[in-house]
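I am starting a notebook on a structure that is new to me, and I want to write down what I look up as I go. The entries follow the order in which I turned to each part.

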Amino acid sequence: MKSLAQRSMLTFYDKNTYTVTTPVLIEDELIGGILVQFSLGAMWREIEHAMVDFQALENKVIRQSFINIGVILALFAFLDLVLAYLIARRLSDPITSLASRAQEIGQGRYEAPSPSKMPDEFRGLADAFENMGKEINAKTVSKKFLNAVIDSMLGILVVLKPNGEMELINQATLDLLGYREAQLKDRNIATLFDTDSTFSNDLLARLSRKGRLANIESSLKTRAGKSIPVSISGSALLDCDGVVQKYILLAHDITERKQTEQNLVKYRDNLEEQVQERTRELQATHQKLLHSEKLSALGKLIGSVSHEFNNPIYGISNILHQLREHEGPLNEELNHLLDLAIRETRRMSDLIRRLQGFYQPMDEVVTLVDINEIINDILLLSDKSFNDRKIIVKKTLSPSGARIHGIADQIRQVLLNIIQNAQEAIVGKGGLICIYTRQEMEKTYIIISDDGIGIPRGNLDRIFDPFFTTKSSVKGTGLGLSISYDIIKKHGGDISVESRPEAGATFTLSLPANIAFAADQKSQSST
Ligand SMILES: Nc1ncnc2c1ncn2[C@@H]1O[C@H](COP(=O)(O)OP(=O)(O)OP(=O)(O)O)[C@@H](O)[C@H]1O
Ligand SMILES: [Mg+2]
């Protein structure tokens, strides 16, 4: 009724019915209404049946769904695992290869290429690894190269920390000073110097002030304590604020140069002395030449004079002999005078013959020289002068002879000079000259002594020097003993002197014996 009153359609329902009302109008005039009523009981029953069916269906579906979901979940779980494995592999492979690459770099294989198959997300990282390897390689190679250069340096190189401690010491330094690197590293540079620490402190102070220094001379000390002179150059490495970071010291061994310098100084100091010595030697050589020229000229003169004397003496000698033989017996006194005249002419011709032999130009032919014979010849020549000066000559000549192999003229010259010196040393009222020869197995000795004025101690070392003489320039040149010394040395012998002032002098000569002769003598004496 209500819808009619409101002239609109109304629906309403309860549990059992569903009601729809609508007014019926004709030209807006309500003429009635329609009420339709549906019974809902059957429908509810139907619905209840349907619900029961649906429930059953739903249960079935739910059960089925659970199974399906379980399968799906298991499938998903499996897929998850596969996926996780794949993802893990995709992540872990590059990570593993990058890790092994890092290990390779750590082991020093810097230049190996990065793995070619690399997921994009790791590509950048791999490239970074490769570049890093290259960069390390470049730096490491250059460091190795630098180390090789430093260690192949022949000079000394030491790098210091600002406090003077050694940071780098090259091989040449270690070799030169006999250290191992560990023994020097971190020790103060003063350890290396053969001076107190003031020098090294001062050196570093100057380096930090000036930046660089060159050719500072000092001495290093080896581990064994030997001093080595060196020339040092150095520089200070500064940072951008001008603070010293390192000191670099370079040095080289100047032992040889120092030695040369010292020798030069020595030579310079001795130059004058050497010049004088050389001048003396030259003068001596010159004088020797003059001396031998003088002797040779004298020899020639004596040769021609004695030749001139020889003929008349030979004539006189003949006449004297004829006088004795043809004029019959003479009285005793005349006979004695004739004998004396004959003896004197013989002595004169003997003297002339010996004089000729004595001053003949020297030939340097080595022969068997009889020393005893030479001494006898000299004494014969000097006989008169010995008598005049009341000099007694006592000779003790080796009865088995005294023979050597040598140059007879030179040996004669030596003995003549020594005997003449002995004679000249005896001044005043006469004296004694002793001449003694001795033949030994390997040596022949000649000893000539006098009781003359002797030789002052200060002159003993000088008498064999050329031009050393205590005689007036008329009497002596001072060459006699120096020439004698040379001759004896040339013959492989020796000459020595013993003397005391006012107590005479003794000259001892030893010469290599004529071995064959000496051996012969020995066998004779033993039979
Ligand atoms: N027996 C001696 N006794 C003392 N002094 C001697 C003796 N022998 C040599 N002397 C000294 O040695 C010096 C050198 O002797 P050396 O024979 O060389 O020269 P010299 O006799 O002075 O001159 P030269 O031999 O050239 O004529 C002599 O001047 C003399 O002072
Ligand atoms: Mg002399």
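**Entry 1: the metal site.** Before looking at the metal, I noted that donors are N, O and S atoms within 2.8 Å of the metal (3.2 Å for Na, K and Ca), and that water is not among the atoms, so sites may look incomplete. I also keep in mind that this is a predicted model. With that settled, I found that the magnesium ion (ligand 2) is coordinated by OD1 of Asn417 and OD1 of Asn421, at 2.3 to 2.5 Å. I then looked up where these two residues sit, and they are separated by about one helical turn, because they are 4 residues apart in helix H10 (residues 408–425). Both Asn417 and Asn421 are buried.

**Entry 2: the surroundings of ligand 1.** Which residues come nearest to ligand 1? Of the 21 residues around it, I listed Thr469, Thr470, Lys471, Thr477 and Leu481 as the nearest. Looking at individual atoms, I saw that an N or O atom in the side chain of Thr469 is 2.5 Å from an oxygen atom of ligand 1, and that a polar side-chain atom of Lys471 also lies 2.5 Å from an oxygen atom of the ligand. Gly478 takes part through its backbone, where a polar atom is 3.0 Å from an oxygen atom of ligand 1. The protein covers 92% of the 590 Å² of accessible area that ligand 1 has on its own. The elements that give two or more residues to the shell are H10, helix H11 (480–490) and strand S15 (505–512), and the largest share, 4 residues, comes from H10. By residue type, I noted 9 nonpolar, 9 polar and 3 charged residues in this shell.

**Entry 3: helix H11.** After H11 comes Gly492, whose phi is positive, near 80 degrees.

**Entry 4: strand S11 and its partner.** I wrote down first that in a regular strand the side chains alternate between the two faces of the sheet. In strand S11 (residues 403–406), I found Ile404 and Gly406 on a covered face, while Arg403 and His405 are on an uncovered one. Strand S9 (residues 367–370) pairs with S11 in the antiparallel sense over 4 bridges, and the bridge partner of Thr367 in S11 is Gly406.

**Entry 5: Gln439.** Is Gln439 buried or exposed? Gln439, which lies in strand S12 (residues 431–439), counts as buried because its relative accessibility is 15%, and the limit for buried is under 20%. From C-alpha to C-alpha, Gln439 and Ile404 are 9.5 Å apart in space, although 35 residues apart in sequence. A polar atom of the Gln439 side chain lies 2.9 Å from the backbone nitrogen of Arg403, and the Gln439 side chain also makes a polar contact with the side chain of Thr444, at 3.0 Å.

Entry 6: I looked up Asp186, in the loop between helix H5 (181–184) and helix H6 (197–210), and found its phi near 70 degrees, a positive value in a residue other than glycine. Asp186 counts as partly exposed, at 43% relative accessibility. Lys390, with phi near 55 degrees, is found in the loop between helix H9 (371–388) and strand S10 (391–396), and it is exposed, with a relative accessible area of 62%.

Technical notes: Residues are numbered from 1 along each chain as its sequence is written. Chains are lettered from A and ligands numbered from 1 in the order in which they are written. Side-chain values use heavy atoms; hydrogens and water are left out. Buried means under 20% relative accessible area, exposed over 50%, partly exposed in between (1.4 Å probe, protein chains only). Two strands pair if DSSP finds at least two bridges between them. A residue is near a molecule or strand if one of its heavy atoms lies within 4 Å of it. A polar contact is a pair of N or O atoms within 3.5 Å; within protein, one must be able to donate a hydrogen and the other to accept it, and residues adjacent in sequence count only if both atoms are side-chain atoms. Accessible areas come from the Shrake-Rupley method with a 1.4 Å probe; for residues, only the protein chains shown count as cover. Ala, Val, Leu, Ile, Met, Phe, Trp, Tyr, Cys and Pro count as nonpolar, Asp, Glu, Lys and Arg as charged, and the others, Gly among them, as polar.
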